[in-house]
Amino acid sequence: MLIAASIVLGLGCSKSFLNRPPISNLTSGNFYQTDAEVMAGTAPLYNITWFDYNDKAFLAFGVAKGGSLNSNDRTPYIEFDASATDQTTLLTGYKAFYKIVAQSNLTMLNIAGATGSTASDSIKNYGLAECHFMRGLAYYFLVSNWGAVPIVYNNITQLSDSIPRNTIESVWQFILLDMRWASTHLPAASYQPGRINKYSVEGMLAKMYLIRSGLDKTEGSRTQSDLDSAKYYAADVIQNSGIILPSDYYAMFKGVNNNSSNNNAESLFSLQWMPESSPWGVNNSFQAYMAFEPQITQTGDGWGAAQGGSADLISYYLNHPEDSIRRKATIMFPGDVYPELNAANGGITVPNSTGYAYIKKYVIGSPADNNNKGGFMAAFTNTIVLRMAEVYLIYAEAIMGNSASTSDATALQYFNAVRARAGVPSMSSIAFTDIFQEKRVEGALEGNEWYDILRWYYFAPAKAMAYVAAQDRSISYTLTWTPNTYAPRQYTFTSSGEHFAFNANNLYLPFPESEMVMAPSLAEPAVPFDFSKLPNF
Amino acid sequence: MRKKRNHPDTIPGVRSSNPIWRLLPGVLLGLLLMSGWITSQGQSTAPPKRNISGKVISTTDHQPIVGATVMVKGTSTVAVSDGSGGFTIKAAAGDVLVISSIGHLTTRIKVGSSDNIIAGMSEDYGHLNDVVVIGYGQMKKTDLSSAQTTVTAADIQKTVNTTLDEALQGRAAGVYVSQPSGQPGAGANVLIRGISSLTQNTQPLYVIDGVQITPTQFADDPNNHPTGFANALSGINPDDIETMNILEGPAATAIYGSSGANGVIMITTKHGKAGETRFSASTLWTVQDKPKEIPVMNLQQYATFNNGIVAAGGAAANPLFADPSALGPGTDWQNALYRRTILQKHTFTVSGGNDRSTFYMSGEYFNQTGIAPGSGFTRATTRINLDNKVRKWVRIGLSMSPSYTVEKVNTTNAGIVQMAIQQNPSIPVKNPDGSWGGPTSSQYQASNPVALSYINSDYNKSLGLMGGAYVDITPMKGLVFHTEANTNLSYLNNYIFHPSYQFDGLINPTTYSYVNEYYNYWWNWHARLQYDTKIGLHAITAMIGHEAQSGGNGSLQGSRQNYVTNSIQDLNGGDQSTSIANSNRSDWATESYFGRVNYVYNDRYILFASLRGDGSSNFGPLKRWGYFPAASAAWRISQENFMKNIKPINDLKLRVEYGASGNSGASGYYANLQTVPTAWGSGFLSQNFSNPYLHWETDKTINAGFDLHMYNNRVELTADVYKKFTSNLLTTNPYAYYNGGDIAYSAGYISWPTTNVGSMWNKGLAVTLNTVNIDNRILTWKTNFNISFDRNKVTQLITPINTTWNSTQVEFLTEVGHPVGMITGYIAQGLFQNYNDIATHAVQTAGGVLNVSPQGTWVGDVKFKDLNGDGQINASDRTIIGNPWPKFTFGFNNSFSYKRFDLNIFIIGSVGNDIVNYMKYDNTIPLDNSGVYSNYLKAVANYARPSTLDTSDAKTAVLTNPGYNIPRIAPADPNGNNRLSQWNVESGTYVRLKNISLAYNFPTKIFGQSFIRGLRAAVNVQNLFTLTKYSGYDPEIGMVNYGGVNMVGIDTGRYPNVRMYTFNVVADF
């Protein structure tokens, strides 16, 4: 009987029977071994992690709140009364930035911790630099939208609900540390077209230094060293990156000239969307929401009949008919003809009857208009985060520095280069408001509007608040073209005349309600960050 | 264990030579041992043996009893009654004949002078002689020391069941069955003794003739519907089931170790019986009625409401609605969608065999057409069970059941049930020219639900094979070596074809097709050695065993778009450039060692102990093995001398037990990477936070109970109390979002780590009372009543788990000190009536600044209670507004037999649970949840009408139609009227007449010499009526797995269950 028993118990399986690593999935332990694997490990940081930003926050936080967008879906952002219970835009946007932080952190840990890796140091540094850049950029959006936020640098060891908020100063220091690490570890040339290089990061550094120069300062006394840094980095990008402004502003935003297979010639950093939507998040959903009719996209989307330029933006263009190139590339006026949109069916003519100025920028037409690339909610075009024209304007402002205005030749050279391309006259002396306005129009609907107002608020809060209070943020307006008037066309414009001011209380967005429940520490005062805790990579 | 039959398998007149495997009814083991003792006494008694002939009949109906065992007491002389109840046996005067038969009380008759004996046997309602199935074996019912319940074929066949899990509803105490969808073929949720895991599967382990199946939890995601709703049990014909033994007590389930935590349901299918071949056929036809409708606004009301939206600035005016009174009632979408349909089921069985071999074969065709077009379930199954006694000491058997099912799921996948409630009545089902009706444009508009139910083509086909083989070897008396191998294979084909269409202004330009070919395999092999012996009054059974199991799956998915024509629906008809292909595989394995000892002293004192060790591939080497001990004791106090005098008590057993089991369902040990297409080829990102220390979820349960049989076993009362402690809960804890993870899919997310954190307990009481109220030759009346109480409380958790339904305000909170998954929300105190009302109340708008205007808070907005008194309404004012768990559930069955009529009335109920009526919430708050073009519930016609929408008149604004709770039409909802409040939580209490059936057994004599031997016809109404205050389609809403946790108590407008009228004929040939 004992023999029989020992036979039964001796039927044990071999040890490998219970070792079943995933068959179809890579695991972090067996990846990041070669140059190609390290680069494949950071490539998704250019698309899927940014989807929720691009899908929601981009327009709501950046454009609607900045006063350039009229949108029935984003009214609370236009009116500065976003609700903490907003799950679709606020929560999604908040999560988006921390997803970018987490994926960047984990990828850094994986690259730095890979055992037996044969990847070269330069490629490992390249990958790590990309992570630093993405993380720094995510924190730029976080600090700009919520002010003091928790700094997360290691998602494994820090995983908890009690990470305190860090002061706005700390977050800015963290952003600049990230960007500087990236700039010193990246080569001048991109590993592959569309990936960042040293100049992408330096352009971003110029922007970040310029913003921080005003933090907690007053007009005329911005931090000079930050202004100098902005000037230094902008100059290096302008002089050495080899990027020049393409001459045709309008063509730059055509899908065929701005996608992940053919990056925009002026771009320093763009989100690299795919012409497909599987898995969900590698796609660019912008056109789906913004194209004013499905005929434009031919993919079953195009829901933008209630999405258009703001009354403020329209007023600018009506007052500046000479700025017509950028106008037509930014918003569609009634009567406009866009032959390249749905070209196969004769293009698109904007109806006069609806009295509305629809969105043009990033609206690129059907797959047929784009080398048969694209699909439902997956327009094949990149979202440009930083391009050369902005660096020109940063450079001009950094040169101006704490002066009230400047006539510096270099500053004027780059400032006027932007204007010249747009077909508007040069200026011989420029003040802060000139540069501010130029950036606003040049980059309209590119997501920077609110953040530029915020950086103004950093050092001149009264002026920034007054500027917004004066903006025409009308919920409804009517814009009609007087038929048969050309060069310039005549329009009739009436708006309901609403103005929405902001103040210190609604300057920042509320933390999402569900996040506050999970992490009550967000209600505690912010603390300075202890930078000695950061790892050496 | 393959053989779980309770019937003698010998044919009349054939003596059995190896009694241990004859599986005699009753106290087989005792008789066997006794026979050995008797044999040793030699043959020395004087009176001569002579042939005694006799007949065994039932005292109830005087019908012959076939297969009764007649034994001369104290000898090994045995006979078995034949087809007419007759037997012949050699016995001498003064001998005692012991006559036993399954389901009857053992009768003793002393042989006198007569050579002819009529032995009347009365029915044994207590089934005390039964042998019941336990994990890896079987046991005399009287020897059990753990809580378990048996549901028999007779019980199952009383209701119309698509799948076997449905058949359990209301049948057993401690078992809570609910249907999460009325979609034909959809699996049921079965909870044994309450919820035992937050994130893992809570369905019990089904062991079907050795094939172990844990059906997947019903999952739902409104944005990404699962491809199917049927579970792994859907391929089984419920009619093939002989018994279901539900192991509930911890000592009974612990032998299944890591799979046993949710309880175990041992299913024995029917096996052949020695004797004449029996052939039986049955046909069943059911008419399924339409559901009662959810009241929504008709066209006039909708037009008036729409004009209100226009006035509030929420939409452009619709000139057609200028004069609502001129409009007709519009489209009744629910009426247009639902129809009466047929469910049919046809079966045959053939069974029989001889003393060496028996067989059972069956076939079934089942077809249920859904009440909504585009839904249905079809099944074809066969089963073959073979058993053969090769030698005296070897027995082998084989069983196999192929099945084919088709599930049609257009309705559920396209959310058509919900769409039929929300689509507005101004849109026609069909236009006068016969084309499908639709809205005037695409944006924010819903489609035509009736059209979609017809033009889409979503189905799941599944081919399954379940089977196994066993060998029993008895090398010496009492010692059995048993080994068996089982497998369960399935091949599935999910198919989706959504054609492009234009319904008036609604254009879907894209044709989409998707195919998923999926295979799934499971096998196990186990070997065990069992030894039974009896030394004096000590009976010992010991068993040890080893088991290995492995399973896995693989899939190949492809999709394409842009079909030139809708007539070619395969992938090759789509545009190559839109082609997406993918494949996945995974596998797992477990290995186990187990053993148990059962000791019975003098049929009075029972001690039991078992231990199982499980190793699982889901865990890393550090935490791979888990050990699950159990022990129990029972005292058959009725066997004691001091109890013998208490005549009414036939049997009383007191039981106490303890056991541990576990749940190993988690993945999360490995840090997986997700694949992401990028401009530079495939990229990879983290998919989850890994946890190298992941290990078993453990359940430790104590249980005490008793089994009481009284009054000739006509009263049987069983009660058990238990407390189950679940610890090391496998939870995927949501952390603050700043940690970068997410609970459900979002682009580029990292899923939260799965950890062993958290504990909870369940305590409960399960009572079963079976009585025979009337039992005479004409009328019998039996009742079965069971009632179950279960209370749950979470005792430890890192962070509360707050699950949000589909990014809405509907949230469920699992936190320490409360039961799992409580419904949370705000307390609505009514609507603001005037300016003062708003100005003196806590600030409801975001930012905390009072803003009395239509763009802020206005008259007609909902007033929420400031629970914490901070002057602001925000998340901290959320509180628990509902408990989704029933206080108790019960089943109550009455069966009457009057002459040849059988009447059965089956009532079930669930009391005290709350339901979030999401369907009502979604269709009640003007504009906010469903948008401008959606229809709303009829009650919304009374939406709040403020006297003015002009901010400058704020001080004088009043509500012109007070008395209702529907807020004003507020575009963009600045006041947050869409906060979930107690207004949308309803009582889910119901009592349902689940089934009433009347059957007639035709007398056999009317068939004379024709081939028909028996005929039974029955009519039956299922879901005849339901007493409930719940306003949705059906208060029985079940439980879903959503976002990784088990969510109870949300009704999203599930596919309704309806009344069914059935006619059924069974014929024996």
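How many bridges join strand E50 of chain B to E56(B), and do the two strands run parallel or antiparallel? Select residues 914-917 of chain B to bring up E50; keep in mind that this is a predicted model. Two bridges link E50 to E56(B), and the strands run parallel. For one facing pair, click on Asn917(B): Asp1051(B) of E56(B) stands opposite.

Now widen the selection to the whole sheet. It is open and has three strands, in the order E51-E50-E56 in chain B, with mixed pairing. The edges belong to E51 (985-987) and E56 (1050-1051) of chain B; each has a single partner strand, so one side of each is left without a neighbour in the sheet.

Stay in chain B and pick strand E52, residues 990-1002, where you'll find Asn995(B). Asn995(B) is buried, because its relative accessibility is 0% and the cut-off for buried is under 20%.

Next, head for the surface. Select Lys763(B), Arg791(B), Lys793(B) and Lys887(B), and you have a patch of positive charge. One of them, Lys793(B), sits in strand E41, which covers residues 779-796 of chain B. With a relative accessible area of 33%, Lys793(B) is partly exposed.

Last stop: chain A. Select residues 432-442 for helix H17, which is mostly covered, with eight of its 11 residues buried.

Terms used: Residues numbered from 1 in each chain as written. Chains lettered and ligands numbered in written order. Predicted model: local features only at pLDDT ≥ 70, side-chain atom pairs only at ≥ 80, totals over all residues. Heavy atoms only, no water. Pairing = 2+ DSSP bridges. Helix = DSSP H or I, 4+ residues; strand = E, 2+ residues; numbered from the N terminus. Patch = residues over 30% accessible without salt bridge, like charges linked within 9 Å, V, L, I, M, F, W, Y side chains within 5 Å. Areas by Shrake-Rupley, 256 points an atom, 1.4 Å probe, with all protein chains shown as cover. Salt bridge = Lys/Arg side-chain N within 4 Å of Asp/Glu carboxyl O. Lys, Arg positive; Asp, Glu negative; His and termini not counted. Charge placed at Lys NZ, Arg CZ, Asp CG, Glu CD. Buried < 20%, exposed > 50% of the residue type's maximum accessible area, 1.4 Å probe, protein only.
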